[in-house]
Amino acid sequence: VGGLTACAFKLLNIPPDFKNAQPTEAETAVYNQVSAVLEEAHGILAELQSYNGAGQEIREAIQNPGDLALQERAWNAVCPLVAKLKRFYEFSLRLENALRSLLEALTSPPYAPMQHLEREQALAKQFAEILHFTLSFDELKMTNPAIQNDFSYYRRTISRNRLNNQQLEAENEVNNEMANRMSLFYAEATPMLKTLSNATTKFVSENKTLPIEDTTDCLSTMACVCRVMLETPEYRCRFTNTDTMLFCMRVMVGVIILYDHVHPVGAFAKTSKIDMKGCIKVLKEQPSNSVEGLLNALRYTTRHLNDDSTSKQIRALLQ
C-alpha cells in the first residue's frame with residue numbers, strides 16, 4: 001500500500017506541491033483535448049443546477065387545451081429548455097471522446113496501470129475530474145423531474161403538430177432523430193454514467209490486443225487509491241473541505257461502476273480487485289445526505305450486484 005498511497009497523493013493533488021500536475025510533452029495533446037471538455041463541464045453543471053423547468057406553464061396549457069395563448073406560453077417556455085437539454089446531450093458525446101482518449105493513454109503498453117497513474121499524473125487527475133463531473137451531473141438530474149416532463153411535453157407537442165401538418169421552427173433545432181437519441185439519454189436514471197460505462201465497454205471490446213486487465217487494473221487502482229484516502233485518518237485530515245471528500249467519493253463510485261460494467265465477473269465477486277466492503281463502509285460513514293445518491297448509483301447502475309457471486313453481506317450493506 002506504500003506505493004499506492006504515494007500515488008494517491010499525486011492522483012488527487014492533495015499536497016500543495018502537486019497542486020498543478022503538469023502534463024509531460026507526450027501527454028500534451030490528450031491533456032489539451034480533455035481540458036477543453038472539462039472547462040465546459042463547469043458551465044454545464046451550473047446550468048443544470050439552475051434548471052427549474054416549465055412545470056407551471058405546461059400544467060396550465062394541459063388544463064386549458066382550448067386556450068391558444070396558454071399553449072403558446074408553454075411552448076415558448078419549453079423551447080429554450082429543450083435547447084439546453086440538447087446542449088447537455090451533445091456534451092455527453094464530447095465527454096465520451098475525452099474518456100476514450102484518456103483510457104488509451106492510461107492503458108497503453110508497456111506500462112502497468114500503477115506506472116501510468118504515477119507517470120501521467122495530469123491525465124489521471126483529468127480522469128478523476130471526468131468521473132466527478134459525471135456523478136455530480138447525474139445526482140442533479142436524478143433529483144430534477146422537470147427535465148423528463150419538459151422533454152415529454154416538447155415531443156407530444158411536436159407529434160400533435162405533425163399530425164396537423166404544422167412544421168414548428170424548434171424542429172430545426174431538435175429534429176426527430178435527435179429527439180429520439182435525447183429521449184433514450186434522459187430516460188436513464190444516470191445518463192452520463194451510462195454514456196461512460198458504454199464507452200468503456202466499447203473501448204475494451206474494440207481493443208482486442210489490449211488485455212482487459214490493463215483497463216480493469218487502472219480502474220481498481222483508482223478505486224483503491226480513493227478508499228485509502230478516505231479511510232486513513234492521517235490522509236483524510238489533509239482534506240481541507242468537504243468538497244475534496246465528495247470529489248474522492250464520487251471518483252471511487254465512478255470507477256467501481258465502470259469496473260463492474262467492463263470486468264467479466266464485475267466488482268462485487270470475491271475475485272474482484274476492488275475491496276467493495278471497504279468502499280461501501282467508507283461511504284456509509286459519511287452523512288447520509290451527501291452519499292445517498294452515490295449509494296443509489298451503486299444499487300441501480302451496476303451490472304453485477306444481483307449476481308449469485310455477490311455475497312449476502314455486500315448486498316445487506318447496500319440495502
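What share of the contacts in the protein chain with a separation of 6 or more comes from residues 24 or more positions apart? The share is 76%, with contact meaning heavy atoms within 4.5 Å. This is a predicted model, where local features need pLDDT of at least 70, side-chain atom pairs count only at pLDDT 80 or more, and totals for chains, interfaces and linings use all residues. Residues are numbered from 1 along each chain as its sequence is written, and side-chain values use heavy atoms, with hydrogens and water left out.

**View 1. The whole chain, 16 helices and 0 strands.** Helices (H or I, at least four residues) and strands (E, at least two) are DSSP runs, numbered from the N terminus. Of the 319 residues, 51% count as buried. For the burial labels here, buried is under 20% relative accessible area, exposed is over 50%, and partly exposed is in between (1.4 Å probe, protein chains only).

**View 2. Helix α4 against helix α9.** Here α4 (residues 68-107) packs on α9 (residues 176-187) at about 75 degrees, and the axes sit 10 Å apart. That makes the two helices roughly perpendicular. Angles of 65 to 115 degrees get that label, under 35 is roughly parallel, over 145 is roughly antiparallel and the rest are oblique. The axes are lines fitted to C-alpha atoms, for helices over the stretch in contact, and angles run from 0 to 180 degrees between N-to-C directions. From α4, look for Val82, Leu85, Lys86, Phe88, Tyr89, Glu90 and Ser92; from α9, for Met178, Arg181, Met182, Phe185 and Tyr186. Sorted by type, the contact has 8 nonpolar, 1 polar and 3 charged residues. In that sorting Ala, Val, Leu, Ile, Met, Phe, Trp, Tyr, Cys and Pro are nonpolar, Asp, Glu, Lys and Arg are charged, and the others, Gly among them, are polar.

**View 3. Met182 in the largest nonpolar core.** This core has 94 residues, and Phe127, Phe133, Met182, Ile256 and Leu283 touch the most other members. Its largest share, 16 residues, comes from α4. A nonpolar core is a set of buried Ala, Val, Leu, Ile, Met, Phe, Trp, Tyr and Cys residues joined through side-chain atoms within 4.5 Å. Leaving aside neighbours within four places in sequence, Met182 is in contact with Val82, Leu85, Lys86, Tyr89, Phe151 and Val174.

**View 4. An aromatic cluster of Trp75, Tyr89, Phe151, Tyr154, Phe185 and Tyr186.** Rings of Phe, Tyr and Trp (its six-membered ring) pair if their centres lie within 6.5 Å; planes under 30 degrees apart are stacked, over 60 edge-to-face and the rest tilted. By this rule the count comes to 8 aromatic pairs. Trp75 and Tyr154 are stacked, 5.3 Å centre to centre with 5 degrees between the planes. Trp75 lies in α4 and Tyr154 in α7 (residues 146-163), so this pair ties together parts 79 residues apart in sequence. Trp75 is buried at 13% relative accessible area, and Tyr154 is buried at 1%. The Phe151 and Tyr186 rings are tilted, because their centres are 6.4 Å apart and their planes at 50 degrees. Phe151 and Tyr186 are both buried.

**View 5. Ala297 in helix α15 (residues 288-300).** Ala297 is buried, with 2% relative accessibility. Not counting residues up to four places away in sequence, Ala297 touches Leu135, Val253, Ile257 and Thr302. Ile257 is 40 residues away along the chain, yet the C-alpha atoms of Ala297 and Ile257 are 8.1 Å apart.
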